[in-house]
Amino acid sequence: MLDGMSLGNSCTKPARLARLCLWPLLLAGILLLAACQRDAAMPWRLTDIGGHMPDLDFSLTDDHGKPVTGADYRGKVVLLYFGYTHCPDVCPLTLAQLHVVMQRLGPLADGARILFVSVDPARDTPQVMHAYVNAFDPRAVGLSGTPRAVEALSKRYRSAFTREPDKGDGQYEVSHSSAIYLFDRTGKARLLATPATSQDDLVHDLHLLLDPGIQP
Amino acid sequence: MKPRLPTLSALLAGLLLAGGLHATEAARVHASQAWIRVLPGDLPAGGYVTLANGGDEPATLNGAASTTYAEVMLHRSSRETGMSRMTMVDTLAIPAHGSVTLAPGGYHLMLMHATHPVKAGDTVKIELRFADGSALPVDFLARPANTLAPGDAGGMHHGH
């Protein structure tokens, strides 16, 4: 009994020590795991849509007239926005805001592309789109396509657009979703912004998506 | 106005002036920070301005015209349930001793079919018309497409 007790005692001490030493290790391990688990540890300011929207995929024509797919933008952080060139107010405002955001990102912005998708295929040719997007930012790409291809992309992201009735002179407006979708370099849908989102929040989250030192 | 009745006109003007500091709606409205966002080609452009009414009576903007654009319309952008829309606006009231701002994302002038190409740096005259028939000519400064606010010189020209 006594021997057993002493034996037991001498055994408990190092075991307790080991347990005490293991706790911080375990904690560190848990924290590391949490840090690796994306989103949980990412201090996003925009709406997190990770896992709720499909990967970037489309089949459209860029503003140089070249057929492009979502895969062509892998390796770039993508800001996807639907609009049209005959939109004199909200679309230019949104693109001007995105331009300022890109400028604030400095050289990091080269790792991002603004994809401006036209919801007005009848009027927005690649040529019109080229002049339009370049008036805003050199990293903006104007995408156009068949009504079917544009609708497919719009539906994929639960976006919507409606061509309003002709005003009689061949002019018409197109009402459209105002969301800006952010994709990471692997083409995964990550965040959602609106034209009301502050530039600071966009810059903050784009930094996280773009900085090669951070693995979101 | 008939040139034969200068005295009567002066008398009328005098009577109207007696009723308030400014006779017409246009006369009591002061326009500032007027600018146009220039877009490539012949795409419709947005016109923005702050209108301050220094009078005791409201003023009602009900139209605009310019020799530089075939068509000038008062519009309003709105965002409801995530959809961006544009609607035509017939009138816009500027309250007495108050002001109204036509700014990106809200009220704006939609300028269509430029009679000659307008480029950044140009000044474009637009006549704002009021409900009492008076008109206020305003000089709008044409700014680059990627301009955010009146104080912004346009993104392309200043690097951060």
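Let's start inside chain A of this predicted model. Setting aside neighbours within four places in sequence, A:Leu79 is in contact with A:Leu98, A:Ala112, A:Ile114, A:Leu115, A:Ile180 and A:Leu182. A:Leu79 also belongs to the largest nonpolar core, which holds 88 residues. Together with A:Leu80, A:Leu115, A:Phe116, A:Val117 and A:Leu182, A:Leu79 touches the most other members of that core. Helix 2 of chain A, residues 90-105, supplies the largest share of the core, with ten residues.

Now for helix 3 of chain A, which spans residues 126-134. Its buried residues are A:Val128, A:Met129, A:Tyr132 and A:Val133. Viewed down the axis of helix 3 of chain A, these buried residues fall within an arc of 115°, so they line one face of the helix. Their packing partners are strand 5 (112-118) and strand 6 (140-143) of chain A.

Next, the place where the two chains meet. Here 26 residues of chain B are in contact with 27 residues of chain A. Each strand of chain B in the table below supplies at least two residues of the side that touches chain A.

| Strand of chain B | Residues |
|---|---|
| Strand 2 | 45-53 |
| Strand 4 | 69-80 |
| Strand 5 | 83-88 |
| Strand 8 | 107-114 |

Strand 5 of chain B gives the most to this side, with four residues. By type, the residues on the side of chain B that touches chain A are eleven nonpolar, twelve polar and three charged.

Strand 5 of chain B also pairs with strand 8 of chain A (residues 174-177), in the antiparallel sense and over two bridges. In strand 5 of chain B, B:Ser84 stands opposite A:His176.

Methods
Residues are numbered from 1 along each chain as its sequence is written. Chains are lettered from A and ligands numbered from 1 in the order in which they are written. This is a predicted model: local features need pLDDT of at least 70, side-chain atom pairs count only at pLDDT 80 or more; totals for chains, interfaces and linings use all residues. Two residues are in contact if their C-beta atoms, placed from the backbone, lie within 7 Å. Ala, Val, Leu, Ile, Met, Phe, Trp, Tyr, Cys and Pro count as nonpolar, Asp, Glu, Lys and Arg as charged, and the others, Gly among them, as polar. Two strands pair if DSSP finds at least two bridges between them. A nonpolar core is a set of buried Ala, Val, Leu, Ile, Met, Phe, Trp, Tyr and Cys residues joined through C-beta atoms within 7 Å. A residue is buried if 20 or more other C-beta atoms lie within 10 Å of its own, exposed if 12 or fewer, and partly exposed in between; C-beta atoms are placed from the backbone. The arc is that of the directions from the helix axis to the C-beta atoms.
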